[in-house]
Amino acid sequence: MPPTASLVLGVDLDGVCADYEAAFRASVARQLDLDPAKLAPQTVHDSYSQWGLSAEAFERAHRLAVVEDRMFRHMAPLPGVSEALWRLSDRGVWIRIITHRLCVNWAHETTAADTAGWLDAHNLPYRDLCFIGDKPDVGADLYVDDAPGNVLALRATGRPAIVFDQPYNRHLPGPRAYTWDDVVAVVEAELAARERQLPLPLPEEP
Ligand SMILES: [Mg+2]
């Protein structure tokens, strides 16, 4: 653990800090010349099969959303994320952003630059920015993620994960955060539990 931090929080970006689905919906609607309202919220976390996309079509649409619409630069932050992360950071929590955004080949420069620019533009504090697919390989004391596969993989390796509520992850057991205030509450409870476990000062010599 970093020397001054009381807890390392692993924070996912898409569906947790950033409204990936709204940005992707707008881009897919543009690409396919559709009314975005026809693209319903996905209730299954896959390659957007509920929008009629195959795995290959998803990969192509995602790449165009990144390189043509620059969605990683322009997508909306989810409500309260900046304030919540600042509050936790000010309490000594080490914010480690962990994202799988380099899943698409040939768009890495745009993805990395737009991600860093977006984090600055929306004033999200962080100490590390990790682009990695296999999230349990990145150490943290507590994680917050929306993808069922990630949450299950983390928990399977004994790593506690907060589920950030989305329609496609409602089948997972908690802890669950419906808002960023909920994330803060779970992390603060964990901090309080850790403080209680600190050894008491030794008694002075009689
Ligand atoms: Mg995510």
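Ser27 sits in helix α1 (residues 20–32); helices (H or I, at least four residues) and strands (E, at least two) are DSSP runs, numbered from the N terminus. This is a predicted model: local features need pLDDT of at least 70, side-chain atom pairs count only at pLDDT 80 or more, and totals for chains, interfaces and linings use all residues. Residues are numbered from 1 along each chain as its sequence is written.

**Ser27**
- Is Ser27 buried or exposed? Ser27 is buried, because 22 other C-beta atoms lie within 10 Å.
- The cut-offs are 20 or more other C-beta atoms within 10 Å for buried, 12 or fewer for exposed, and partly exposed in between, with C-beta atoms placed from the backbone.
- Beyond its neighbours within four places in sequence, Ser27 contacts Leu64, Ala65, Asp69 and Met71. A contact has C-beta atoms, placed from the backbone, within 7 Å.
- Ser27 and Tyr168 are 141 residues apart along the chain, and their C-alpha atoms are separated by 20 Å.

**Sheet**
- Six strands form an open sheet in the order β3-β2-β1-β4-β5-β6, with parallel pairing. The edges are β3 (128–131) and β6; each has a single partner strand, so one side of each lacks a neighbour in the sheet.
- Helix α4 (residues 81–90) packs on the sheet and touches β1 (7–11) and β2, its direction making about 135° with that of β2. Axes are lines fitted to C-alpha atoms, for helices over the stretch in contact, and angles run from 0 to 180 degrees between N-to-C directions.
- Two strands count as paired if DSSP finds at least two bridges between them.

**Strand β5**
- Both faces of β5 (residues 161–164) are covered: Ala161 and Val163 are buried on one side, Ile162 and Phe164 on the other.
- Three bridges link β5 to the parallel strand β4 (residues 142–145). Asp145 is opposite Val163.
- Two bridges link β5 to β6 (residues 176–177), also in parallel. In β6, Val163 has Arg176 as bridge partner, and Phe164 has Ala177.
- β4, helix α6 (residues 148–156) and β5 form a right-handed β-α-β unit. Right-handed means that, with the strands pointing away from the viewer, the path from the first strand over the helix to the second runs clockwise.

**Nonpolar core**
- The largest nonpolar core has 44 residues; Leu9, Val11, Cys17, Ile95, Val144 and Ile162 touch the most other members. Its largest share, five residues, comes from β2 (residues 93–99).
- Such a core is a set of buried Ala, Val, Leu, Ile, Met, Phe, Trp, Tyr and Cys residues joined through C-beta atoms within 7 Å.
- Leaving aside neighbours within four places in sequence, Val11 contacts Val16, Cys17, Ile95, Arg96, Ile97, Ile98 and Val144.

Notes
Contact = placed C-beta atoms within 7 Å.
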